[in-house]
Amino acid sequence: MWKQLLVTKGKKGSGNGLLLKGLLKSSLSTSLVCKNVKSSSFYSVNEVRRTFKTSLTVKQQSEYTSLINNNENKENAKSELESQTNKQNKQENKQEQQEKKKRSLLFKLLKYLLLLPIELIILDILLLYGVVKGIIYLFETLKLDDPESKYYNKDLLDKIEKPFRLIQGFDRYQKTTNVILRIAFDYFLLLWTGWQNPNYWFKDVPDKNSEEFKQQKVETHERNAQRLLDLMLEQRGVYIKVGQFISTLAGFIPDAYVKALSVLKDKAPNIPIEDVRKVIYQDFGKPIEEIFDEFDPVPIGSASIAQVHKAKTKDGKVVAVKVQYPWVRGFFDGDMLCNDHMSTLSIRLYYMQEDAENIDALIELNNGFNKELETGLFNELNFKNEADNAKSAAYHLRERKDVYIPKIVDELTSTRVLTMEYIDGACNANEVDKIKQMGFDPTDISERILSACAEQLFIHSKFHCDPHSSNVFIRKHPNNPSQPQIVLLDHGLYKELTNDFRLRYANFWKSVVLGDEEGIKEYCKSIGVEDYKLYSQMLLLQNFDEVAEDGFINEKTQFTEEDWEKYNQVMQERKDDFLKVYQKMPKEMILIGRADNILRSLNRDLGAKVNRFKIMARAANKGASLKTLNQKQTISSRISLWFNEMRFEMRLFMISFNAYLMKLYVSYFGTSQLFKQQKKEVELIEEGVDLLETPKHASTKFN
């Protein structure tokens with residue numbers, strides 16, 4: 001080290017350095033300074049210094065000592081500086097680590113503070129749910145709403161009933177949400193092929209046209225249809241009504257849902273007699289024993305919002321007493337809100353890949369239907385409205401001896417209790433074997449039911465919107481047992497049309513039969529529909545071009561397998577046009593379409609041998625002519641009316657004849673290969689389904 005310092009000083013031009021370098025050259029040899037020859041070992045630095053120092057003069061020694069001390073001081077200063085620097089770096093590192101630790105603690109604290117509200121919200125929800133279930137349990141255990149309970153207090157009940165129903169509504173909402181989300185997630189795992197789906201992270205995305213995938217889709221439909229059925233049976237009330245309607249949408253929804261939910265027509269749950277007594281007491285202020293002489297505690301029928309008991313009044317009349325479920329009205333608003341939310345969510349999730357571009361249009365249609373359904377169901381909850389509808393129907397159909405409406409007992413009817421004439425010896429309209437045992441033809445029965453409903457629609461402007469098999473009884477006519485009589489029940493869900501709408505709609509049907517394109521265009525233009533041919537097909541389930549021809553069979557009528565395939569392809573390609581037409585349809589068509597689907601389902605149950613188009617068209621023609629018939633007629637006007645009637649009947653005959661020949665043709669030569677592949681999706685004509693019923697089924701592909 002010291003030698004290096006000397007050399008360094010020499011390089012900088014120091015006199016001392018030059019002096020010492022000269023001394024080294026003159027007084028000492030390198031071997032003498034660096035090596036001990038005798039011991040063949042190197043001297044230590046201090047020994048070299050002493051040897052070198054003894055060879056110098058006093059002055060040189062003084063200079064040498066001063067230089068060495070200066071260099072050592074510099075060395076010490078440098079070491080001290082390095083030590084201080086290292087110490088400072090350590091302190092800085094320590095401070096930085098402490099700051100990092102503080103920041104880490106602060107981050108964790110902020111993280112906990114951010115998560116705390118979420119955790120508190122979750123905890124609050126759990127606590128709230130527990131409180132909700134506890135209140136419900138306490139309310140039901142103490143029977144606070146039962147007049148026969150010792151805890152019953154009407155004033156207290158009036159104060160707490162609304163908040164209590166709100167609490168129950170929250171419980172029902174979360175149950176429904178849970179089931180719908182499970183169904184949605186099930187479809188997500190199957191249908192969504194994006195990277196977000198973990199189901200396809202470790203396996204290939206399936207071919208959606210493969211048989212394996214189609215089978216998986218069918219199984220998914222069946223699994224989720226059962227989940228939906230279980231939910232509706234548990235929730236009851238409006239859910240049953242919605243489920244009954246869904247079960248009539250054959251051809252529009254997967255067959256698994258139609259099959260599973262069909263049981264709701266006859267399998268609606270009932271309430272115990274204690275609840276029945278409670279409702280009657282609350283509405284009339286008297287127990288059952290003071291109102292009825294006899295009252296069967298076992299219900300003879302259960303519906304979506306009420307059940308029916310057989311009873312005998314104090315004056316000896318045998319009656320049917322319809323009692324509304326006590327919780328239906330309190331749950332109505334919440335149930336309808338839940339129906340809106342869940343149906344919208346279901347559409348978004350199910351069609352997110354299948355038909356994503358049309359989701360908004362589908363939701364708009366769904367909202368329109370829900371709004372119309374909500375209005376109808378709200379009116380249905382008031383049994384006094386049902387009583388008025390029954391009286392109105394009885395008056396309108398008074399000339400028809402084959403149709404009967406049970407008489408209403410007004411003094412025993414309230415908003416939740418409806419007492420009517422008891423009908424004995426009758427069966428449901430779809431019980432074909434019992435109908436045959438009575439000696440009647442199911443085809444004749446179907447024609448009578450369809451004509452009665454068509455007359456309500458096209459002539460009286462007020463029609464039954466829920467004519468399913470459990471609401472239509474068949475019995476022998478009391479005054480003529482050889483003839484059948486149709487008994488219409490459950491008049492809660494009715495739709496009243498304006499006379500202007502009824503007349504325009506009837507004229508539309510008449511124009512289609514007569515092939516009056518201008519008349520059809522005029523009607524469609526009035527409602528904002530441009531594609532009048534498609535609108536005609538959708539409403540009448542009939543190809544307008546075939547109807548508008550001269551009515552005779554031609555080569556085009558003989559459908560080949562290629563024709564069927566082309567027809568089905570066109571229906572698929574025009575789904576966007578279908579949605580546009582549906583969006584333009586008047587709101588009245590929602591419940592008209594609902595009733596039409598229910599009647600179509602009933603016609604199918606009875607063998608589907610009735611030409612619904614012909615029956616509806618005749619009623620429409622009569623409805624369109626009402627204004628002329630009511631006017632004072634001259635001989636010329638009568639002749640003109642007769643001529644127009646004969647022309648209409650001739651056109652209708654040719655249309656029906658065409659349909660018969662097509663049905664006959666298919667029965668001999670079979671349907672197309674495509675229809676055979678879609679056997680589960682369409683109603684095959686070989687199975688007795690009228691040709692006029694097939695277009696809607698042919699236009700859908702779910703399974």
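Of the 703 residues of the chain, 45% count as buried, that is, under 20% relative accessible area, with exposed meaning over 50% and partly exposed the range in between (1.4 Å probe, protein chains only). The model is a predicted one, in which local features need pLDDT of at least 70 and side-chain atom pairs count only at pLDDT 80 or more, while totals for chains, interfaces and linings use all residues. Residues are numbered from 1 along each chain as its sequence is written, and side-chain values use heavy atoms, with hydrogens and water left out.

The secondary structure comprises 28 helices and 13 strands, taken as DSSP runs numbered from the N terminus (helices: H or I, at least four residues; strands: E, at least two). The accessible surface of the chain is about 38300 Å², and carbon and sulfur atoms contribute 54% of this area; areas were computed by the Shrake-Rupley method with a 1.4 Å probe, and for residues only the protein chains shown count as cover. Among contacts (heavy atoms within 4.5 Å) between residues at least 6 apart in sequence, 70% join residues at least 24 apart.

The largest nonpolar core has 87 residues, of which Phe292, Ile449 and Ile474 touch the most other members. Such a core is a set of buried Ala, Val, Leu, Ile, Met, Phe, Trp, Tyr and Cys residues joined through side-chain atoms within 4.5 Å. Beyond its neighbours within four places in sequence, Ile474 contacts residues including Cys427, Ile435, Ile445, Ile449 and Ile486. A second, separate core of 40 residues includes Val512, Tyr535, Met589 and Phe648.

An open sheet of mixed pairing is formed by four strands in the order β7-β12-β11-β9; two strands pair if DSSP finds at least two bridges between them. At the edges lie β7 (403–404) and β9 (427–428), each pairing on one side only. Strand β7 runs parallel to β12 (residues 484–488), with two bridges between them, and Tyr404 has Val487 of β12 as its bridge partner.

Asp296 lies in the loop between β3 (292–295) and β4 (301–302). Asp296 counts as partly exposed because its relative accessibility is 33%. The C-alpha atoms of Asp296 and Val308, twelve residues apart along the chain, are 9.7 Å apart.

On the surface, Trp642, Phe643 and Met646 form a nonpolar patch with about 370 Å² of accessible area together. Phe643 belongs to helix α26 (residues 635–669). Patch residues have over 30% relative accessible area and no salt bridge; nonpolar side chains (Val, Leu, Ile, Met, Phe, Trp, Tyr) are joined within 5 Å, and like charges within 9 Å. A salt bridge is a side-chain nitrogen of Lys or Arg within 4 Å of a carboxyl oxygen of Asp or Glu.
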